[in-house]
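Trainee: I am new to this structure and would like a close look at a single part. Could you walk me through the charged pairs, one at a time?

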Amino acid sequence: VQLVESGGGLVQPGGSLTLSCAASGFTFSIYGMSWVRQAPGKELEWVSGVNSGNGRTAYADSVKGRFTIYRDNPKSTLYLQMNDLKPDDTAVYYCTKSSRTTWDGRSDYRGQGTQVIVSS
């Protein structure tokens, strides 16, 4: 299993970024997926998840209304569109694979992460 994130960078407050996670080594379409993040000096924080099958999504309150998670199963790629970014969104963002079809299963794999810095 391999998960490779990309799309991070430096952005001003109020700006937007779209993160990508290219998955390989497993049947992407049948597993739930999530994004988590870790800010400097803080614990890992779940951000958003998406089920396989019905594509149902869920978001942390801190990003609801600003972030959108979606998946492209034929491309085995997970995305996180981030709008209206705030300095508190600064973190390393990781995509994770669930052990089940739903995003809330035990996470069994995680990528290497992509850094997002929100600063003026």
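Mentor: Let's start with Arg100, which is partly exposed at a relative accessible area of 44%; here buried means under 20%, exposed over 50%, and partly exposed in between, with a 1.4 Å probe and protein chains only. Its partner in a salt bridge is Asp104, with 3.2 Å from N to O; the term stands for a side-chain nitrogen of Lys or Arg within 4 Å of a carboxyl oxygen of Asp or Glu. Asp104 is also partly exposed, at 46% relative accessibility.

Before going on, a word on the source: this is a predicted model, where local features need pLDDT of at least 70 and side-chain atom pairs count only at pLDDT 80 or more, while totals for chains, interfaces and linings use all residues. Residues are numbered from 1 along each chain as its sequence is written, and side-chain values use heavy atoms, leaving out hydrogens and water.

Salt bridges that share partners link Arg37, Glu45, Arg66 and Asp89 into one network. Within it, Arg37 pairs with Glu45, and their closest N and O atoms are 2.7 Å apart. Arg37 is buried, with a relative accessible area of 5%, whereas Glu45 is partly exposed at 30%.

Another pair is Lys86 with Asp84, whose closest N and O atoms lie 3.5 Å apart. Lys86 is partly exposed, at 37% relative accessible area, and Asp84 is partly exposed at 39%. By this rule, the count of salt bridges comes to seven. As a general point, side chains of opposite charge can pair when their charged atoms come close.
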